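Thank you all for coming.

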Amino acid sequence: MALSHPTGNQNLRAVLEVFLKENYLEKFYTTFAANNTSGLNFLPTKIRQELLRRSYAVSEDKIQTFPYLELCRMIFPKIGAQFLVDHENAFASVNSVYKNFDKRVASSLSKLNNIDAVYAYEDGALETFRLAKKKGIKCIYDLPIAYWETSRTLLEAEALRRPSWKITLGGGISDSEEKLNRKTEELELADIIIGHSSFVMNSLPEWANTKKQIMSPFGSPIVDSKTLPNNIKSQNKPLRVLFVGSMGQRKGLGDLFEAIKLLNRSDVELVVMGSLLAPMEFYKLENNNFVYEPGRPHQEVLALMRSCDIFCLPSIVEGRALVMQEAMSQGLPIIITPNTGGEDLIIEGETGFLVPIASPNAIAEKINWFADHRSDIERMRLNAIK
């Protein structure tokens, strides 16, 4: 089997680990792998740290990389060339990186004769699948977020409901017809569709029901049960509510901001960690009452989680947000919407609460409950860990 993913993430590493363990993997393709770090010292510190996160436990003979365009995408904004990455068809945009990567994977596959299946991800699978079909290779399609038709419908509604937050919705509402057609053809060519929540699987068009579909929820970090139960929070300090994710309305951040304003409680502190999708001034105008935490390595994210009391992710569209399970593994009860893909994680009042999408009042109500029931959080914290 061949496995391809342009950028890598925690779930990809888990898939890669299992494929290696079961001796399925013939070749792993990605844009950049920091398995050899000797050539990175010339790069700016932040870029070097980002690249060092892209290491994979795979031998050199089983990995092939196509780094040039991805490195351009990361470096250009740092040297004032943002215009080369901004719009969909810019030289080093995310879309251009994915398309270029897909073509190079297909070219490599054309030279291999011992591959019986290829496992690829949305937006980076079209040319790979076209080539695979010609060679009789099975196409396995990982859909990490709701199918584009569902996503666009929901996000267009958000653009109308919260017009000031439209700038944070990105490609979800601005993807070209050409890009959407690519997504559709990828799904059409797939033999097997893998999604990570019932929300994703229910978003698939009816015509995709003829294909084999597998719902495979993400795994979670291993819990250190010896230390976490001793990490009891003080009830005399403000309730720390944590949001982690890209700072846009697809993740429901605008609704969370409004909920905090509705509460207007001095004993509630909102902590926001994630990547900016607009200038910081925009967020401060929307709600100046939050603590911003920039992105950091995975273990430091888990440490930040342990410093908070509850986790809130009121997303409009997701696949299955792994960060929910990461937060629970660190002892945080959660407030989420069904559209996070984590509805099955909620036992009401025991591991957290489920709230409707686009409902700041419901979010405020549940945060208020936690603030008024601090003595219940320890019980819920242990339930979340379990």
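With rings of Phe, Tyr and Trp (its six-membered ring) taken as a pair if their centres lie within 6.5 Å, the count comes to 18 aromatic pairs. Take F28 and Y56: their ring centres are 5.1 Å apart and their planes stand at 65°, so the pair is edge-to-face, given that planes over 60 degrees apart have that name, those under 30 degrees count as stacked and the rest as tilted. F28 belongs to strand β2 (residues 27-30), whereas Y56 is in the loop between α2 (45-52) and β3 (63-65), so the pair ties together parts that are 28 residues apart in sequence; helices (H or I, at least four residues) and strands (E, at least two) are DSSP runs, numbered from the N terminus.

This is a predicted model, in which local features need pLDDT of at least 70 and side-chain atom pairs count only at pLDDT 80 or more, while totals for chains, interfaces and linings use all residues. Residues are numbered from 1 along each chain as its sequence is written, and side-chain values use heavy atoms, with hydrogens and water left out.

Are F28 and Y56 buried or exposed? F28 is buried, with a relative accessible area of 0%, and Y56 counts as buried at 5%, where buried means under 20%, exposed over 50% and partly exposed in between (1.4 Å probe, protein chains only).

Turning to Y147 and W148, their ring centres are 6.0 Å apart with planes at 50°, so this pair is tilted. Y147 is buried at 2% relative accessible area, and W148 is buried at 18%.

Finally, W165, F257, F282, Y283 and F290 form one aromatic cluster.
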